[in-house]
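Hello,

Here is the structure for you to look through. My notes follow below it.

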Amino acid sequence: MKTTMSIAMLVVCVLFAPQTGISQTDVSAIVTRLQNPATSNDAVKEIEAGDSEIKSAIADKLPSLMANEKNDAVLNNESKLAGDLKVVASVPILVSIFEKGDLIPTGVTMATMWRMANDPAGHALVQIGDPVIPYMKRLLTSNQAESREKAFRVLGNIKSSAALDALKQHRSSESDKRLQNVIDNLAPQS
């Protein structure tokens with residue numbers, strides 16, 4: 001009787017146990033929808049609503065997907081996911097997209113630009129946070145004021161002590177007076 005009860009409990013546990021594991025077919029189908037401009041927005045919603053296994057499987061694929069993507073709308077969605085899922089491996093690609101600045105629509109206000117509301121790659125970098133700092137430090141050494149300003153925006157929006165320290169360390173080497181003022185506003189001297 002004890003054995004029968006144990007077998008019955010085992011059957012019940014197996015039948016009613018939560019399903020785990022996502023098949024490669026499922027992941028491939030989601031990736032296909034993500035890479036199609038017509039279904040990419042819906043795929044992002046599906047991924048964000050999915051369980052941790054789906055998110056992890058997609059996060060693993062994002063850097064290679066982003067590196068090969070040619071469609072701006074899809075790349076925006078992949079950048080958004082990289083930030084939402086905090087995919088550190090996507091940082092070099094996000095920095096490249098962010099430096100080019102090709103995906104920011106025209107007519108954006110300065111306040112919106114600083115918040116990076118219309119810049120999926122920049123916003124993703126901020127969401128990823130401190131792992132981005134070494135890349136922004138490299139941008140701070142650029143000869144182009146625009147590139148340095150982009151680094152200021154990311155570091156200023158990350159707002160961690162490490163990000164603000166990077167700005168403070170750069171203060172004495174910044175030649176552009178306007179950007180020196182930005183540093184003073186973002187990371188005041190103690």
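**Core and salt bridges**

The largest nonpolar core has 47 residues, and Ile58, Leu125, Met136 and Val154 touch the most other members. Helix α4 (residues 52-68) gives the most to this core, with seven residues. A nonpolar core is a set of buried Ala, Val, Leu, Ile, Met, Phe, Trp, Tyr and Cys residues joined through side-chain atoms within 4.5 Å. Buried means under 20% relative accessible area, exposed over 50%, and partly exposed in between (1.4 Å probe, protein chains only). Helices are DSSP runs (H or I, at least four residues), numbered from the N terminus.

This is a predicted model: local features need pLDDT of at least 70, side-chain atom pairs count only at pLDDT 80 or more, and totals for chains, interfaces and linings use all residues. Residues are numbered from 1 along each chain as its sequence is written, and side-chain values use heavy atoms, without hydrogens and water.

Now the charged pairs. The whole structure holds eight salt bridges. Each is a side-chain nitrogen of Lys or Arg within 4 Å of a carboxyl oxygen of Asp or Glu.

- Arg138 pairs with Glu99, with the closest N and O atoms 3.6 Å apart. Arg138 is in helix α9 (residues 133-140) and Glu99 in helix α6 (residues 91-100), so the pair ties together parts 39 residues apart in sequence.
- Glu149 pairs with Arg178 at 2.7 Å between the closest N and O atoms. Glu149 sits in helix α10 and Arg178 in helix α12 (residues 177-186), 29 residues apart. Glu149 is buried, at 9% relative accessible area. Arg178 is partly exposed, at 42%.

Best wishes

Technical notes: Helix = DSSP H or I, 4+ residues; strand = E, 2+ residues; numbered from the N terminus.
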